[in-house]
Every structure is written in C-alpha cells, then in structure tokens.
Amino acid sequence: MAATSPPKVLFEHEGVFIHTSPDESEDQDLISGFLRIVDKDGETLVEYKPLEDADPSNMLCACKDSSSVVEWAQRSGDNPHRPVDHQLSYETEWDMINAVSFRRKVHTHGDGGSNHANDRNKWAFSFNVCDLRSITVKCEGWSYITFRLKDGTALPAIHFHQGGSTAFLDSLRISVQINESPDDESVLIVSTYSKAFSQSFENLLDETNYGFVQKFKKDPYTTTLGGFSKVTNYLFDAFRVPESECHQRPAEEVADLLGELIPGLEINQQEEPGFEVITRLDLGPRPEVQRRGPVAMEEWAKYQDSEGRITNVPYLKDVIFKGGLCHAARREAWKFLLGYFPWNSTHEERKLLQKRKTDEYFRMKLQWKSVSEEQERRNSRLRDYRSLIEKDVNRTDRNNKFYEGLDNPGLILLHDILMTYCMFDFDLGYVQGMSDLLSPILYVMENEVDAFWCFVSFMDEMHENFEEQMQGMKTQLIQLSTLLRLLDLAFWNYLEAQDSGYLYFCFRWLLIRFKRELHFQDVLRLWEVMWTRLPCQNFHLLVCCAILDSEKQKIMDRKYGFNEILKHINELSMKLDIEEILSKSEAICMQIKNCKDLPHSVSEILGLNTVTEPSAALETSEYGILESPQTSPRSTHRQDHIVSNGHSHLKESTHNGCKEAFIS
C-alpha cells in the first residue's frame, strides 16, 4: 500500500478561543487553541485543536497580520480589563487589543488537572471544506465565526481575540468560493469551485515581447522586470530579424541604440581625463578558499551575553560570510545585519525599539488606509503607486509556497508594506522591482512590522538603483567594467569588440541583487553574506565578475556575438551554483588584495586602503575592513558612492607590483 503524503499546512493561527459558556458569566472557561487549514491527500480540512498547556495570563498577542505584539496580564480586581500595554488601534480588528483580558480558572492537583485536559480536548474538531455550508461572522470587540455544515451541525463559535479572522477567511477562499448571503450580511455562503479554472486566469497576465528599445527608453525598470519576461529575452527578440531577411542589423547599430537608453553612461572611459586604463596586469595566482556550514541556532546564541548584547561582532560576521545562516537563525540575525537592531542592544532595549517602531509603522499605514476614494481620485501619484503595487504583488514569487495561490495572506502583507513605504518615502514611492527586494525579507520575518523596517534598511542601500536619474545603475555598471578590465583585459576587449562593453546583460543582476537569477533559498544565502559587508565594499560586483569568469571561455570559444551573449547570459537564470559563485567571488577579492599596489579606481570601488580616521567605535574584521556597528546602511552606502565612482582623484603613489598606464 502506498504511503500517504504528510499534510500540508496552508494556514495556521494560534490564540483562537472557544468560550465554554454562551453567556459572559464569571465562571466560564476560555479554551485557547490553534486553527489550521491543511491539505491532506488532496482534500482541504479545517482543524481546531486546544493547546494543552496554554497559559492565558501571560500571552503574546499579535494584532492583525501578526504585525504588533502586546503582553497580556491576568485580570485583577482593581482594573479587570486593562492589558499591560496600551496601544492605539487603527482598524476594527485591532480594537480588541484594548478590550480583552483573561481570567484563569484555578484547578486542583491530581484528577482535577487530568479532567481539565480532557475537558479541553473535547472541543477539538475537524471537517472537510466540501462539507461546509455557511460561515457566520460577527464582531463584539473582536471577530468570532461559527461554522455550519451541510448536515445541519453548528460547531462552537471560534473567537479571534488576537485578530486573524480576515487572514483565515482569505486563506479559505483559496479552496472554496465564499459569497455574502443576500438575506443576512453576517452570513457567508460557501460553495466549491474548480481551482484549476480560476488559476488559469493568472496565465493571462504575461505580455508579448515587443519593442524593447522603445519600452526600455521610456521605463527601464518596468521593461526589465515587467510581466514574466526577462530583459535579455526582449533584447534578443527585438534585434533578431525575420528569417526571410538575409542580413542582420549590425551590432554597432544596436549598441548605439542601447547607448541612448541611459544618458550619461559610457562604459569605455579610456579617452576621458582622470581615468586609469589598465594595459597589462599580473595579479598572480588566485588562492583557494574554503567555505563552512551555516551558523546554527545554538552557535548564534553563544554570541549573546546575559542581557542579549551580541559579542565579538567582527568574528560573527566572518563566520556568517563564510557559511551563511541556518533558516531558524535568520529571523533574528537579519535584523542585526540590516541595521534594524543595534549590535550592542539588550533584549529590553530591542523590545522598546520594536514597540516604538510598531507605533510608527501603523501611523504611516493609517495614512493611506484612511484615504477616501474621493481623495484618491485627486491624487494621481498615490493612485499610480497603488496600481503598480497591485500589479507587481500578483506576480511576485507566486511559485513560492509563502505566496502561492489566490488571495494569499502573504500577498496582502506584501501589498500593505509597499503601500506604507510610499508614505515613508513619498518622493521615491514605488518603482517596479522593489517587490522583489521585499519578498525574501517578509518570507523570513513572517511579521509585517519587522519586515517593513528591515526593508527600509535594505532600501537605504538600494535607493539609488530606483531613482529617476538611475545614478546607482550608472555607477555600478562603470565600476563593474573597471573591475572586469582589471581581472581579464582580454575578455573585456572581446566584449568591447562585440559591442557588449556596456554590460547591459548585467542590468537586472545589479538592479535587484540577483533575485531573479538564483533559486529562492540561494537568494537568502547570497543576501545575508553580502549584508556582512565583507570582505570588501561592493562585493556584489565581484559576484558579477565570478559569474562572467565562469562563462567567458564558452563565450569566447564559440565566438558569441552581441545577440548570442545576451541570450546566453539570460539562460543562466536558475542554473547558477551559489556556493561555487561565493567561493570564486571571495577568491577574486583575495587575489586583488594580494596585489601590492592596486589602481586607485579599483581600491576605491572595493574600499581598500582608503585613508580613514578610525575612532574607538570602529571594529576591524578578519578582512581588515573598518566597521562601525552603529553606522546605518544608508550613510555607508552614500559614502561609498562618493569615493567609488571609478575616478582617480586621490594622490598617485608608485606602483611596483602592478603594471598600468594612465591617461591624464
């Protein structure tokens, strides 16, 4: 007999209660449990199970969308309804925070405890969604729902004291169709439908690949990331002539068209004063590097003192760079790596920070949630932001279980965080591609507020990539060309000869940090390694160099031209080995650093040998990079751009180990 597959949890929410008495008597019990929607052998089930050891006198209560945490205290005689912490409520479902408290029923030792457990277990239930006839939804300070099955059975009311009823219903809609009853607006009628039929409409979202140059010129971000197509597919199809024609458009003509797309960008800076032109350079052998396994949860805990401060930060960053993090450690560690939590903060300080940031987040969220339709009709920017976000959210990582299916709660969070970011940075607002940067962060945090502030920190670093003048993209493409010339002048000359020196095939790599080139779990590994800021500045540029280094022989041996190079780079997506790339990137960095005297442009790009006034707050890592735990990513990023734009404006020194030529 074939083994059945384990159940797949589609939705789970703890802190759901059953009231043992329909009235509000003082002696009633509150049965705390968890509510699940599971897929078991192709059937969708709703399950409720009481928590055996639930202690309602000391619970963590999450507001809507698991966004905010409040501690509840046991009800006292003096103030029976006051929670330990008071929080402003911004939506109806958040109002329960100010109204709910719990009264424990004392049980004697011995049989009393056993009977109590048995009493709790009798409230468990499970049913197939196909057997569900209707759902009654009511609100008395918090939402509660009652299930009625097709055989007439009415199950006990489920009380969402801690929010989550909307998320539950949204998840349920993936499996069944839910419509409001024409006779009673509190009653929802349930019927089954073909999931395959509704899912097929998602396939209509893709768009035809046409007119790349015109579209790219109008909006490079939308063209690069829009729909499900890829920038290099656009290029290849746009410049490929019909087979009936016996000639191709010259590569030089195509390169000239591309050169007009980003004004001010010229990769070949050889004839511009102040730029170094490396004519011959021997970097020496590339060293072998060894990577280690990811940092486990137990190892992460060893770096915290009794009050929660992170100790030996430089060494911890080194081991994260060398092996990444296990998934269990990411939720906490990423907050430090992204600068949301200061490395030297205590547990108590972080709790206060989270409380303050939660209030700040919901105040911003209220700004767009409270905009009326009439107001929005007069606010074209907000309207455009919302339209773009809704379009992108429906296309972001839909193959990931966290975001798959229709009306997924994860998509709601993705939408709300991006809309709130528009309130945080209205000048930038939303630009296509930002959803790709948020998705992995929300996946790891599983918390709306924490994900938002981590995303803010990441956007501080990535901000210039999305600005209208595209200064960040211009700078990075020039820097990448400079590094490629240093590492392999022959390959760089080959690309130039094929009119590919613009390196446009790397545009998407840089724009969203390889998000669409790697498998999702590999993206998590790459990002956390890069967030250590080791072993140099702009390590992501060396990652580009490592990928190109692995492909250069094939490109040159097969004599790929402009179109073939674009097509080949595009087809690398989802075929890259992240550990191999990280090893080669680190080896390239060590090879460059082993050169006794580097060109100033390279030193500036990688942040090597930069004259700095170290202070007592700075810490030195194994790689010799000066770091301050209190420096924000935004300030670090902005300083990087001041000194890493490829110009040779620092004082010259004698170069003995590296042979180079300059045009001044």
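**Entry 1: the largest cavity**

By class, I count six nonpolar, no polar and four charged residues in the lining of the largest cavity. Before going on, a reminder to myself that this is a predicted model.

Which residues make up that lining? I listed Arg286, Leu484, Leu487, Asp488, Phe491, Cys545, Leu548, Asp549, Lys552 and Ile588. Next I asked which helices supply at least two residues each to the lining. Helix 17 (471-487) and helix 21 (539-557) both do. Helix 21 gives the largest share, with four residues.

How much space does the largest cavity hold? I noted about 70 Å³. I also looked for other cavities, and the count of those with 30 Å³ or more came to four. The idea behind the search is simple enough: a probe the size of a water molecule is rolled over the atoms, and that shows where empty space is left.

**Entry 2: the whole chain**

I stepped back to look at the protein chain as a whole. It has 25 helices and 15 strands. The chain runs to 664 residues, and 53% of them count as buried.

Then I looked at contacts between residues at least 6 apart in sequence. Of these, 70% join residues at least 24 apart. I'm keeping that figure in mind for the pairs further down.

Asp499 has a phi of about 55°, and it is in the loop between helix 18 (489-497) and helix 19 (507-511). Phe514 has a phi of about 65°. This Phe514 is in a loop too, the one between helix 19 and helix 20.

Is Phe514 buried or exposed? I looked up its relative accessible area, which is 1%, so Phe514 is buried.

Gly323 is in helix 9 (residues 313-323). It counts as buried because its relative accessibility is 2%. What does Gly323 touch? I wrote down Arg291, Arg292, Gly293, Pro294 and Arg525. I also checked the C-alpha atoms of Gly323 and Arg291: they are separated by 5.9 Å, although the two residues are 32 apart along the chain.

Arg330 is in helix 10 (residues 327-337).

**Entry 3: aromatic pairs**

How many aromatic pairs does the structure hold? I got 30. To describe a pair of aromatic rings, one gives the distance of the centres and the angle of the planes.

I started with Phe125 and Phe147, which form an edge-to-face pair, 6.2 Å centre to centre with 70° between the planes. The pair links distant parts of the chain: Phe125 is in strand 6 (residues 125-128), Phe147 is in strand 8 (residues 143-149), and they are 22 residues apart. Both Phe125 and Phe147 are buried.

Phe147 has another partner, Phe168. This pair is edge-to-face as well, at 5.9 Å centre to centre and 70° between the planes. Phe147 is in strand 8 and Phe168 in helix 2 (residues 165-172), so the pair ties together parts that are 21 residues apart in sequence. I checked burial for each: Phe147 has a relative accessible area of 0%, and Phe168 counts as buried at 0% relative accessibility.

Which residues do the ring pairs link into a cluster? I traced Phe11, Tyr48, Phe125, Phe127, Phe147, Phe160 and Phe168.

**Entry 4: charges over rings**

Last, I looked for charges sitting over rings. The charged end of Lys357 sits over the ring of Trp453, 4.0 Å from its centre. Arg485 lies over the face of Trp492, and there the distance to the ring centre is 5.2 Å.

Technical notes. Residues are numbered from 1 along each chain as its sequence is written. This is a predicted model: local features need pLDDT of at least 70, side-chain atom pairs count only at pLDDT 80 or more; totals for chains, interfaces and linings use all residues. Side-chain values use heavy atoms; hydrogens and water are left out. On a 1 Å grid over the protein atoms alone, a cavity is a set of points where a 1.4 Å probe fits but cannot get out, and a pocket is an open set with protein on both sides within 12 Å along at least five of seven lines; lining residues have an atom within 4 Å of a point. Grid points are joined across faces, edges and corners, and a volume is the space filled by probe spheres set on the points. Ala, Val, Leu, Ile, Met, Phe, Trp, Tyr, Cys and Pro count as nonpolar, Asp, Glu, Lys and Arg as charged, and the others, Gly among them, as polar. Buried means under 20% relative accessible area, exposed over 50%, partly exposed in between (1.4 Å probe, protein chains only). Contact means heavy atoms within 4.5 Å. Rings of Phe, Tyr and Trp (its six-membered ring) pair if their centres lie within 6.5 Å; planes under 30 degrees apart count as stacked, over 60 as edge-to-face and the rest as tilted. A charge sits over a ring if NZ of Lys or CZ of Arg is within 6 Å of the ring centre and within 35 degrees of the ring normal. Lists of a residue's contacts leave out its neighbours within four places in sequence.
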